[in-house]
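Trainee: I would like to learn how to read a protein model feature by feature. Could you take me through one, giving the general idea before each case?

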Amino acid sequence: MLKRLIVVMLLVATLLPLSVPSRVRAVDVIDPVCTNPNAVEKPKICNDNQPNAPENPIVGPNGILTKVVNILSLIAGILAVFTIIIGGVKMIVSNGDSNSVASAKRTVLYAVISLAIVAFAQVGVYFILNKL
């Protein structure tokens with residue numbers, strides 16, 4: 001069970017950067033409208049594609065909500081790593097006591113599960129923030 005969970009965590013860690021892409025368009029149907037030199041007035045939608053367009057201060061790439069999510073994910077990740085270390089130390093000092101070994105295994109398992117939940121939550125938050 002623990003081996004499966006570790007394999008899943010490794011897969012999530014390798015696929016996580018692929019699952020949060022930046023905005024990608026297959027075909028840009030707006031670009032000819034926005035780059036037309038004969039246009040008297042450009043539509044408002046042309047401002048979305050401009051590199052100097054103002055960013056949203058709350059949910060943008062450097063927004064407050066994005067920074068808060070990054071900080072909370074970092075704290076949760078650090079706590080999970082420390083919990084895994086504590087579980088490993090508990091396993092080492094258990095001296096073969098089956099109850100202590102089982103408790104240490106549960107500690108490590110719960111820490112790995114919490115790490116997975118944090119990773120999936122961060123993917124979900126980034127998905128929602130990209131849709132806003």
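Mentor: Let us begin with what counts as a helix: a helix is a DSSP run of H or I that is at least four residues long, and helices are numbered from the N terminus. Please keep in mind throughout that this is a predicted model.

Trainee: How many helices and how many strands does the secondary structure of the protein come to?

Mentor: There are 4 helices and 0 strands, and reading along the sequence gives the pattern α-α-α-α.

Trainee: Is Ser-73 buried or exposed?

Mentor: A residue is called buried when its relative accessible area is under 20%, and exposed when that value is over 50%. Ser-73 has a relative accessibility of 14%, and therefore it counts as buried. For the protein taken as a whole, 20% of the 132 residues count as buried.

Trainee: What does the side chain of Ser-73 reach, and which residues is Ser-73 in contact with once its neighbours within four places in sequence are left aside?

Mentor: The side chain of Ser-73 reaches the backbone oxygen of Val-69, at 2.9 Å. When the neighbours within four places are set aside, Ser-73 is in contact with Val-118 and Gln-122. As for the protein in general, if we take contacts between residues at least 6 apart in sequence, 58% of them join residues at least 24 apart.

Trainee: Which residues make up the largest nonpolar core?

Mentor: The general idea is that nonpolar side chains tend to be buried together in soluble globular proteins. In this model the largest nonpolar core has 6 residues in all, namely Leu-5, Met-9, Val-108, Leu-109, Val-112 and Ala-116. The elements that give two or more residues to this core are α1 (2-19) and α4 (98-131), and the largest share, 4 residues, comes from α4. If you look at Leu-5 and leave aside its neighbours within four places in sequence, you will find Leu-5 in contact with Leu-109, Val-112 and Ile-113.

Trainee: And which residues make the nonpolar surface patch?

Mentor: A nonpolar surface patch of about 780 Å² is made by Leu-74, Ile-78, Val-81, Phe-82, Ile-85, Val-89, Ile-92 and Val-93. Of these, Phe-82 lies in helix α3, whereas Val-93 has its place in the loop between α3 and α4. Val-93 is exposed, because its relative accessible area is 57%. Val-93 and Ala-104 are 11 residues apart in sequence, and their C-alpha atoms are 9.8 Å apart in space. The accessible surface of the whole protein comes to about 10,100 Å², and 69% of that belongs to carbon and sulfur atoms.

Trainee: Where is Asn-95 found, and what is its phi near?

Mentor: Most residues other than glycine have a negative phi. Asn-95 has a phi near 55 degrees, a positive value in a residue other than glycine. Asn-95 is found in the loop between α3 and α4, and with a relative accessibility of 73%, Asn-95 counts as exposed.

Key:
Residues numbered from 1 in each chain as written. Predicted model: local features only at pLDDT ≥ 70, side-chain atom pairs only at ≥ 80, totals over all residues. Heavy atoms only, no water. Buried < 20%, exposed > 50% of the residue type's maximum accessible area, 1.4 Å probe, protein only. Polar contact = N/O pair within 3.5 Å; in protein donor to acceptor, adjacent residues only side chain to side chain. Contact = heavy atoms within 4.5 Å. Core = buried A, V, L, I, M, F, W, Y, C linked by side-chain atoms within 4.5 Å. Patch = residues over 30% accessible without salt bridge, like charges linked within 9 Å, V, L, I, M, F, W, Y side chains within 5 Å. Areas by Shrake-Rupley, 256 points an atom, 1.4 Å probe, with all protein chains shown as cover. Salt bridge = Lys/Arg side-chain N within 4 Å of Asp/Glu carboxyl O.
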